Amino acid sequence: MERLEFPKEAFLDGAWRSLPRRFSVVSPATGEVVAEVADCGEEEAKEALEAAVRAFPAWSRATAYERAGVLRRWYELILKHQEPLAQLMALEMGKPLKEGRAEVAYAAGFVEWYAEEAKRIYGETVPSQFPHKRILVRYEPVGPVYGITPWNFPAAMVTRKAAPALAAGCTFVLKPAEESPLTALYLARLFQEAGGPPGVFQVLPTSDPEGVSRPFLEDERIRKLTFTGSTEVGVRLYERAARTLKRVSLELGGGAPVLVFADADLERAVEETLRAKFRNAGESCVAANRIFVEAPIAEAFAQAYAERVRALKVGDPLSEETDIGPLVNEAALRKVQAHVEDALALGARLVVGGEAKGLFFAPTVLLDVKRESLLFREETFGPVAPITVFREEEEAVSWANAFPVGLAAYVFTRDLSRAFRVSEALAYGIVGVNDGVPSTPQAPFGGVKRSGLGREGGKWGLEEYLEVKYVSLGL
Ligand code: SIN
């Protein structure tokens, strides 16, 4: 591998700001320090806020074609730098290389899609009841935006937020997760290379999320907050954003159910459930968390599934062979272990896995998992597949819905009526029918209940950054 060269300073008002305060980014695979990164505080946050406010008028008035041009060049550069970006993710948060490459393509997809969509923010005219009046509706950017992104998809969560905001004409300040600031900074470097003007997109790495976030949350001029992370933190941010009546998008916790019906294509159900569960080592908001299989095929499904899980390669995220890398940190490991121990104590059977080495947790399959288990009540965020049996469609749907969150759910069936009936009955924002990875740039991503507010992706993701202005024109 060539020596990887990447930015470690804050990206503030179009320039790289070196700071004496640093924090360590540590590889979860080796425990080694990957980089000492500039540690922003309240002072840098205030500077970035002012720069975002200053840059807003010109960026919002730039033509859609100018904004689209910057985004198009950014997209091309992200794809050109697919390899270093995938390597950075492997280093800083342990994503295996092949998954990292897929994530870069996914991340670039948002930038490409919104580069195109920037030119299609059309207004409307509405018929008036008066002959001398005209009703015009136009869409305007909401204003400067503050975004907080998680470590599990360090590239795609940045572009899924920033690309529609920039396409709409908003300026955007990003606080990436402490565990994964390097990918975000690399994206900032590519934005600069793409000709992105100063203050339009800024990145503030920090080990003090509260100190950096405070000025943005309190300032009236920041008109929108977008956050991906836990429900607990999302609720607190929502309360604080309410004080200045900011628009908010919150993409919060999941805990996805999988319903495998006896009429499903078994092989396909196994493969897609494998992807739904073990993508990113289960560290995803849309990861399969509870697998319900209809009784007649339960044994066959469990056997085929366990065989596929046994074949998954755990190891160095920088190796081409690796399917499952380490968990992100000790807390993540402890949670996964606690969930497995609790399920076993309640009588579940361990079929594969269950053991940990360092932060690596072996891909695990458990059968006969009781409904009261933590695995079924909380989001595990790890490579553990708990399987249980159901007998009636209504029973499966009501189990699936008996959860306070509602992000993604999965259904496997070949019966078209059932596919419609069940997908409509599920109280979730996303339903994958015979599809373990429905996420894609042009579709709406987001949840109901405690999974959050708003949608990212597609035209819905753009609307989150637009205000509606009505002009009544008397002739
Ligand atoms: C997430 O886990 O928050 C994002 C997953 C996805 O985009 O598919």
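Predicted model: local features only at pLDDT ≥ 70, side-chain atom pairs only at ≥ 80, totals over all residues.

Visitor: Into which domains is the protein chain divided?

Guide: The C-alpha centres of the two domains, domain 1 and domain 2, lie 31 Å apart. The division of the chain gives domain 1 as 10–252 + 451–474, and domain 2 as 256–440.

Visitor: What area is buried between domain 1 and domain 2?

Guide: Contact between them involves 22 residues of domain 1 and 28 residues of domain 2. The size of an interface is often given as the accessible area lost when the parts come together. For domain 1 and domain 2, carbon and sulfur atoms give 57% of a buried area that is about 2100 Å².

Visitor: Which helix gives the most to the side of domain 1 that touches domain 2?

Guide: Between the two domains there are 10 residue pairs in polar contact, both residues being at pLDDT 80 or more. On the side of domain 1 that touches domain 2, helix H3 (82–93) and helix H4 (97–117) each supply at least two residues. With 5 residues, the helix that gives the most to this side is H4.

Visitor: Which residue does Asp 323 meet in a salt bridge?

Guide: The count of salt bridges between domain 1 and domain 2 is 2. At an N to O distance of 3.0 Å, the side chain of Asp 323 meets that of Lys 98.

Visitor: Why are Glu 42 and Lys 46 separated by about one helical turn?

Guide: The side chains of Glu 42 and Lys 46 form a salt bridge at 3.7 Å, N to O. The separation is about one helical turn because both residues belong to helix H1 (residues 42–61), where they are apart by 4 residues.

Terms used:
Residues numbered from 1 in each chain as written. Heavy atoms only, no water. Domains from an automatic or database assignment. Contact = heavy atoms within 4.5 Å. Buried area = accessible area lost by both parts, 1.4 Å probe. Salt bridge = Lys/Arg side-chain N within 4 Å of Asp/Glu carboxyl O. Polar contact = N/O pair within 3.5 Å; in protein donor to acceptor, adjacent residues only side chain to side chain.
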